[in-house]
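Subject: Structure handover and notes

Hello,

Please find the structure below, followed by notes on what was found in it.

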Amino acid sequence: MQIKNPLMAWRHITAAFILSGCSTLATTTPSDSAADQHSQAPDMQARYAQWGQAGGKVFALDPNASQVLIYAFRAGRAAKLGHNHVLSAPVFTGFFNWPTSGAPASCFDLEFRLDQLVLDNPKHRAGLGGNFAAVLSPEAIAATREHMLGADNMQATAFPFVRIHSLQIAGEAPKFAAKIAVELHGQTREMWLPLNVDGLPERLSVTGALVLRQSDFGAQPYSVLGGMLAVQDELVVEFTLQGVPVRP
């Protein structure tokens with residue numbers, strides 16, 4: 001077949017490329033090597049701007065109206081001498097694309113920095129109650145930051161970014177299942193998680209939770225005195241995300 005107008009043909013190919021879904025432009029594969037430790041936010045924003053121009057709805061996730069909390073638990077024979085901890089991510093970049101074809105072609109991305117996490121906010125601890133309720137001193141919080149995010153554990157200076165990228169979304173509103181790629185400590189792993197999604201297509205509210213094992217990403221959970229006082233390998237991540245529509 002002879003193409004009479006190459007420019008027009010290229011435009012049609014480009015449009016089909018954009019409309020074919022999120023996984024076409026953004027793919028993530030599991031890796032055991034250190035990933036690019038520069039922010040991907042500008043590329044992310046440009047990518048979602050393309051999808052917004054192709055139709056459907058694009059939402060920017062709003063940190064001021066959202067909440068991302070990470071729970072770490074004490075362990076070891078002397079666990080009672082330690083504390084459970086709650087970390088929050090008050091600053092992040094994220095987007096959600098809801099194309100006209102619905103869930104199968106939709107996707108989302110979220111990026112935040114370990115070195116920008118807030119540790120043991122008294123309001124978060126008080127709201128949890130139980131063994132979380134104790135108010136920790138600034139000195140104790142500083143020590144916890146060094147133990148959990150320092151050179152012997154998460155290495156937040158060398159590997160500052162946590163990234164979550166959706167690979168596949170199944171289900172129907174308000175219940176969805178998302179296959180995601182999680183990048184942590186310079187390594188990427190895939191997993192499935194359930195999501196509650198409300199308000200589409202006019203607004204966006206997402207709630208969910210997942211469990212991350214530090215050792216799965218090559219990080220050594222904090223431990224001292226032969227494990228007498230330690231942090232459990234499993235971290236619980238809970239999130240409530242609110243999206244603001246982005247105009248094309």
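Does Arg 213 count as buried, partly exposed or exposed? With a relative accessibility of 34%, Arg 213 is partly exposed. The cut-offs are these: buried is under 20% relative accessible area, exposed is over 50%, and partly exposed is in between (1.4 Å probe, protein chains only).

Before the rest, two notes on how to read the model. This is a predicted model, in which local features need pLDDT of at least 70 and side-chain atom pairs count only at pLDDT 80 or more, while totals for chains, interfaces and linings use all residues. Residues are numbered from 1 along each chain as its sequence is written, and side-chain values use heavy atoms, with hydrogens and water left out.

Confidence

The predictor's confidence in each residue is given as pLDDT, on a scale from 0 to 100. The protein chain has an average pLDDT of 86, and 85% of the residues reach at least 70. Residues 1-20 have a pLDDT below 50, and this stretch makes seven contacts beyond near neighbours in sequence. A contact here means heavy atoms within 4.5 Å. Residues 24-33 also have pLDDT under 50, and the model gives them 23 contacts beyond four places in sequence. Where pLDDT is low, the predicted coordinates should not be read in detail.

Salt bridges

Side chains of opposite charge can pair when their charged atoms come close. The term salt bridge is used for a side-chain nitrogen of Lys or Arg within 4 Å of a carboxyl oxygen of Asp or Glu. The whole structure contains ten salt bridges.

One of them joins Arg 163 to Glu 183, with 2.8 Å between the closest N and O atoms. Strands are DSSP runs (E, at least two residues), numbered from the N terminus. Arg 163 is buried at 6% relative accessibility, and Glu 183 is buried at 8%.

With Asp 216 the N to O distance is 3.1 Å, and Asp 216 is partly exposed at 35% relative accessibility. With Asp 233 the N to O distance is 3.2 Å. Arg 213 belongs to strand β11 (residues 204-213), whereas Asp 233 sits in the loop between β13 (229-231) and β14 (234-245), so the pair links parts that are 20 residues apart in sequence. Asp 233 is buried, at 13% relative accessible area. Through shared partners, salt bridges join Arg 213, Asp 216, Asp 233 and Glu 234 into one network.

Seven of the ten residues of β9 are buried, and the strand is mostly covered. Two strands count as paired if DSSP finds at least two bridges between them. β9 pairs antiparallel with β8 over nine bridges, and Phe 176 in β9 is the bridge partner of Gly 171. The two strands form a hairpin with two residues between them. β9 also pairs antiparallel with strand β10 (residues 187-198), over ten bridges. There, Ala 178 has Leu 193 in β10 as its bridge partner. The hairpin of β9 and β10 has two residues between the strands, and in it His 185 takes a positive phi near 55°.

Strand β2

β2 pairs antiparallel with β14 over five bridges, where Tyr 71 stands opposite Val 236. β2 also runs antiparallel to strand β4 (residues 85-88), joined by four bridges, and Ile 70 stands opposite Leu 87 there.

A three-strand sheet

In which order do the strands of the open sheet of three strands come? The order is β3-β13-β12, with antiparallel pairing. β3 (74-75) and β12 are the edge strands, each pairing on one side only. Two bridges hold the antiparallel pair of β12 and β13, with Ala 230 in β13 as the bridge partner of Ser 223. Val 224 is found in β12, which spans residues 223-224, and Val 224 is partly exposed at 30% relative accessibility.

Regards
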